Amino acid sequence: MRLVMLGPPGAGKGTQATRLATELGIPHLSTGDMLRDAVRRGTELGRKAQSIMEKGELLPDDLVVGIMADALKRDECRRGFLLDGFPRTEGQAQALDTLLQASGQTLDRVALLEVDERELVTRLLSRAAKEGRADDTRDVITRRLKVYEAQTRPVVDYYRVRGVLAEVDGVGTPEEVYRRLRQAATPEIA
Ligand code: AP5
Ligand code: MG
């Protein structure tokens, strides 16, 4: 299975993707996790990414497309993958299509987790209290939500017109959301 998890900040992409990828036995590739790891390790990429992430802005397309192209070349991705946080702009979606086409692959499904803004803010502020992620402050959360609407919302339509989009209600317990996601993203094996 080749899957993408789309949705605004706090929608539960990471929570749900971790579980779904484990169940399907495919790698979970999160650009956000890769970038935070680079920041922790203090690599050149990490130094570049840190200030952009702390502002809630997106890194340049060519940079994240390069990271994802390298990740997708790994042997473990031959059986499929679950992308989380990528693609996030129409340019990234086009670049992903080009990358996949080069190896005769296509995406099976793009799952969109839908959660209202008030609930997103509540979730992210409560995570801030627990984990202290640098971009979980009220101002940066507001910015991330704006950036999502302006730059990532077009990606939803990009996949809708291609007939691969599955919309999933992301409100409820993680277990309830997982059951809906499982049914919507992998109807063949649900
Ligand atoms: P990224 O790490 O992708 O962050 P994000 O999209 O803002 O989303 P989050 O990780 O905050 O939320 P999530 O949807 O994964 O939800 P989660 O499961 O954690 O990106 C961070 C930054 O990196 C970007 O701003 C950008 O700068 C850069 N970046 C990354 N990818 C990029 C790209 N492709 N291009 C350019 N730049 C890029 O859940 C959130 C919280 O809610 C958790 O505490 C969780 O426990 C809780 N929760 C989960 N599900 C539920 C539920 N059902 N009910 C109640 N609480 C729940
Ligand atoms: Mg996440």
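Two rings of Phe, Tyr or Trp, the last taken by its six-membered ring, count as a pair if their centres lie within 6.5 Å, and the pair is edge-to-face if the planes are over 60 degrees apart. The views below are taken from a predicted model.

**View 1. The aromatic pair of Tyr158 and Tyr159.** A pair of aromatic rings is described by the distance of the centres and the angle of the planes. One aromatic pair is found when the whole structure is searched. In this pair the rings of Tyr158 and Tyr159 are edge-to-face, with 5.2 Å from centre to centre and 90 degrees between the planes. Tyr158 counts as buried because its relative accessibility is 7%, and Tyr159 also counts as buried, its relative accessibility being 1%.

**View 2. Arginine charges over tyrosine rings.** The ring of Tyr158 has the charged end of Arg162 sitting over it, at 3.6 Å from the ring centre; Tyr158 is also a member of the edge-to-face pair with Tyr159. In the case of Tyr178, the charged end that sits over the ring belongs to Arg19 and lies 3.9 Å from the centre of that ring.

**View 3. The packing of helix 2 against helix 3.** Two packed helices are described by the angle between their axes and the distance between the axes. Helix 2, which covers residues 31–41, packs with helix 3, residues 44–55, at an angle of about 115 degrees, and their axes are 7 Å apart. Helix 2 is therefore roughly perpendicular to helix 3. The crossing in which helix 2 passes helix 3 is left-handed. On the side of helix 2, the residues that meet helix 3 are Gly32, Leu35, Arg36, Ala38 and Val39, and their counterparts in helix 3 are Leu45, Gly46, Ala49, Gln50 and Met53.

View 4. With a relative accessible area of 24%, Val39 is partly exposed. Once its neighbours within four places in sequence are left aside, Val39 is in contact with Gly46, Ala49, Gln50 and Met53, residues of helix 3 that are among those meeting helix 2. Val39 and Gln50 are eleven residues apart along the chain, and their C-alpha atoms are separated by 6.1 Å.

**View 5. The cis peptide bond from Phe86 to Pro87.** The peptide bond that leads from Phe86 to Pro87 is cis, with omega near 0 degrees. Pro87 has its place in the loop between strand 3, residues 81–84, and helix 5, residues 90–102.

Key. Residues numbered from 1 in each chain as written. Chains lettered and ligands numbered in written order. Predicted model: local features only at pLDDT ≥ 70, side-chain atom pairs only at ≥ 80, totals over all residues. Heavy atoms only, no water. Phe/Tyr/Trp six-rings, centres within 6.5 Å; stacked < 30°, edge-to-face > 60°. Buried < 20%, exposed > 50% of the residue type's maximum accessible area, 1.4 Å probe, protein only. Lys NZ or Arg CZ within 6 Å of the ring centre and 35° of its normal. Axes fitted to C-alpha atoms, helices over the stretch in contact; angles between N-to-C directions. Helix = DSSP H or I, 4+ residues; strand = E, 2+ residues; numbered from the N terminus. Parallel < 35°, antiparallel > 145°, perpendicular 65-115°, else oblique. Left-handed = near helix turned anticlockwise from the far one by under 90°. Contact = heavy atoms within 4.5 Å.
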